[in-house]
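Please keep the sequence and the three-dimensional view at hand while reading.

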Amino acid sequence: MAFDIDMIRKVYAELPSRMAAVRSVLKRPLTLTEKILYTHLHAQQQIADFERGKSYVDFAPDRVAMQDATAQMALLQFMQAGRPRVAVPTTVHCDHLITAKDGSKTDLAAAISGNKEVYDFLASVSNKYGIGFWKPGAGIIHQIILENYAFPGGMMIGTDSHTVNAGGLGMIAIGVGGADACDVMAGLPWELKWPKLIGVKLTGKLNGWTSPKDVILKVAGILTVKGGTGAVVEYFGEGALAMSCTGKGTICNMGAEIGATTSTFGYDDSMRRYLIATGRADVAEAADSVKEHLTADPEVYANPEKYFDQLIEINLSELEPHINGPFTPDLATPISKMKEAAAVNNWPTEVKVGLIGSCTNSSYEDISRAVSLARQAVEKNLKAKAEFSITPGSEQIRYTIERDGFIEVFNKIGATVYANACGPCIGMWARAGADKKEKNTIVHSFNRNFAARQDGNPNTYAFVASPEITTALAIAGDLTFNPITDTLVNEKGEQVKLDPPVGDELPVKGFAVEDNGYVAPAEDGSKVEVIVSPTSDRLQLLEPFPAWEGTDLFGLRLLIKVKGKCTTDHISMAGPWLKYRGHLDNISNNLLIGAVNYFNNKTNSVKNQLTGQYDEVPKVQRAYKAAGIGSVVVGDENYGEGSSREHAAMEPRHLGVRAILVKSFARIHETNLKKQGMLALTFVNKEDYDKIQEDDVIDILGLTTFAPGKNLTVRLTHSDGTTESFEVSHSYNEQQIEWFKAGGALNIIRASLAK
């Protein structure tokens, strides 16, 4: 029986009546996205024809999921909320804190020992508040969600940007910060701006070397890293129906890389097959009974241009494998054009490492297709010229592929199997020699390839491809190798060609596992004690942020004017800093250390206006805080793209930054800033970015009449005594303005419980 089957059956039982109520108001055909959103409106939210991209709407998600790195801060906040138990089904997954170094067993043992304090904390908090706990080694959060919890037509939020992976099973699954998760766990409404809709019509059928990964690599090239911001991407068409459920998950997973709120597919036979194969025939049966509500109305897909704000059409029969990168996941190059692109851009073409797995591509189908190439390499006397590694998505996947002989085949080409965890994908990779900062190329089947993300080396050119193409390039050791047309020289000096990969959508013998790593919480956790040592350097109980002082802000200093791309990796690095995710003060020592200072083109080097000297960003900000001076961070386009980590919002808040002023925000980061009581502001005229000088003193005016849709004013006083002012805009609604005034959304929750 599936987890939370009673909840799922309740959702389906209420679906027909909820849909009838929606149709009585809207009186028009509905997309799948609209059906799921409307049937998950909070009880206090009236049905209306909400305006896409403008209306703020309250929802009631079915469940919450958290990975260990973000769960620490989310649960520290939840402990302040004063609730005895989570209001909706919730899980914690220990997947982020395991460093890939020597192999699965050794690495897992080292992580369990080194992170004992954090794991004990998460396990005890989960036990106390009724949260399902998945132990280290159980697998990556998104793979486990797909295998155990996702269900068609459901709505979930998760404290990781790749929560969107569950769209592969027909969910609306959205990445959020811990404060949002805290709201839902506390039984409160969850607010989201009603999204725009992007339709992607898939015609034809994938064949040969092309895989579902190539669909999203192509879409990323079309939409760019911010083209999906504020939108849900809904895939449909004959090509979607012919694709596996896990392939759909891959496509939805990387929707985070185009900034999309989420992506989804309608319920079909592939989802039914996957549910049954993963032990959830009961969910499939329940979904079958309401399947007309689990996909768009026929009129929508017949005339999609009438119902979507943007429409993209891709013929899968003509789609070519793509390789995206380096340094950004939207730089899309068809494999036939890679040789030319590499030469023009002077990319290093020797592939040093190939890595497959991660939450994006670790399904049985992915690994079975990759192993078919490894098997060919053995049979055709080829040796992998690059290092090669596999990161299974879950213990169930690892156990099953070992049973079916896949790991043995991979071992024959010299592969290393890492623990069932995020590992290299998020920078938890102790790559030998990375500290030398040498220029080199790696290819992986992960989702992100920002500079220094995987191995800490800013000179590593990371390219994203499917597991099949990654495996082929690792065998060839050459970025420009095109397996569709090119041959390789084997150990005997013969010219050999790799045949297209083949694999099984699902294991013929079924999935198997001995210990999936799940620990159920206590029925009554009231007597469970959660201990956080006051001397710990890994965990720190939170103190409420101060409320707004009720005045405009005067005498602020510029902390940094960021040049170019600034992701949450730049604002709050992962890798070795992950160990401090439960200790706000310690992790604040990585604030913006990866961002490029506009004035000197250096990272982690900004001018301290109190001394006139250049120093590290966190040190300068701590000096301002000690002097009682607030500051401003100025940024470029799509500021805060990437991970959902709310530490990127909490760190500047903790250290005394008062406002973030940018050309545009990524959705999750903007929400995280608002939740923490920060000012998230955007230039009305983007050219005003150029007016800000290094020694400026900054005032923010208009806060005493702060209101939705009403611009504020920024006044600059330059070092020569001259001043200039310009308007800045914001997207705060009335409730979010109250968050700002209270010093953060959590302060309002806490105050409501004190009454």
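The structure is a predicted model. All values below were computed from its atoms.

Helix H12 spans residues 281-288, and its buried residues are Asp282, Val283, Ala284, Ala286 and Ala287. The cover over these buried residues includes helix H1 (5-26) and helix H11 (269-277).

Strand E28 comprises residues 697-701; four of its five residues are buried, so the strand is largely enclosed by the rest of the structure. Strand E22 (residues 553-561) runs antiparallel to E28 and is joined to it by three bridges. Within E22, the residue Arg557 stands opposite Val697 of E28. E28 also pairs with strand E29 (residues 712-717), again in the antiparallel sense, over five bridges. Here Asp699 is placed opposite Arg715 of E29.

**A buried asparagine in a loop**

Asn490 belongs to the loop that connects strand E19 (488-489) with strand E20 (495-496). Its relative accessible area is 5%, so Asn490 counts as buried. A polar atom of the Asn490 side chain lies 2.9 Å from the backbone nitrogen of Lys492. The side chain of Asn490 also makes a polar contact of 2.8 Å with that of Glu494. Beyond its neighbours within four places in sequence, Asn490 touches Lys380, Asn381, Leu382 and Val496.

**Aromatic side chains**

The whole structure contains 29 aromatic pairs. In one of them, Phe59 and Trp190 are tilted, with 6.3 Å between centres and 45° between the planes. Phe59 lies in strand E1 (residues 56-59) and Trp190 in strand E7 (residues 190-193), so this pair ties together parts that are 131 residues apart in sequence. Both Phe59 and Trp190 are buried. Another pair, Tyr639 and Phe665, is edge-to-face, at 6.2 Å centre to centre and 85° between the planes. Tyr639 is in the loop between strand E25 (631-634) and helix H22 (647-655), while Phe665 is in the loop between strand E26 (657-662) and helix H23 (667-675); the pair therefore links parts that are 26 residues apart in sequence. Tyr639 and Phe665 are both buried.

Phe59 and Trp190 also belong to one aromatic cluster together with Tyr38, Phe50 and Trp194. Elsewhere, Lys248 lies over the face of Phe265, at 5.6 Å from the ring centre.

**Salt bridges**

Across the whole structure, 38 salt bridges are found.

| Residues | N to O distance |
|---|---|
| Glu34 and Arg28 | 3.2 Å |
| Asp120 and Lys116 | 2.7 Å |
| Lys565 and Glu641 | 3.0 Å |

Glu34 is buried at 2% relative accessibility, whereas Arg28 is partly exposed at 27%. These two residues are also part of a salt-bridge network with Asp49, Arg52 and Asp309.

Asp120 and Lys116 share helix H5 (residues 116-129), where they stand four residues apart, about one turn of the helix. An α-helix has 3.6 residues a turn, so residues three or four places apart point the same way. Asp120 is partly exposed, at 39% relative accessibility.

Lys565 is partly exposed, with a relative accessible area of 32%, while Glu641 is buried at 7% relative accessibility.

Methods. Residues are numbered from 1 along each chain as its sequence is written. This is a predicted model: local features need pLDDT of at least 70, side-chain atom pairs count only at pLDDT 80 or more; totals for chains, interfaces and linings use all residues. Side-chain values use heavy atoms; hydrogens and water are left out. Buried means under 20% relative accessible area, exposed over 50%, partly exposed in between (1.4 Å probe, protein chains only). Helices (H or I, at least four residues) and strands (E, at least two) are DSSP runs, numbered from the N terminus. Contact means heavy atoms within 4.5 Å. A polar contact is a pair of N or O atoms within 3.5 Å; within protein, one must be able to donate a hydrogen and the other to accept it, and residues adjacent in sequence count only if both atoms are side-chain atoms. Two strands pair if DSSP finds at least two bridges between them. Rings of Phe, Tyr and Trp (its six-membered ring) pair if their centres lie within 6.5 Å; planes under 30 degrees apart count as stacked, over 60 as edge-to-face and the rest as tilted. A charge sits over a ring if NZ of Lys or CZ of Arg is within 6 Å of the ring centre and within 35 degrees of the ring normal. A salt bridge is a side-chain nitrogen of Lys or Arg within 4 Å of a carboxyl oxygen of Asp or Glu.
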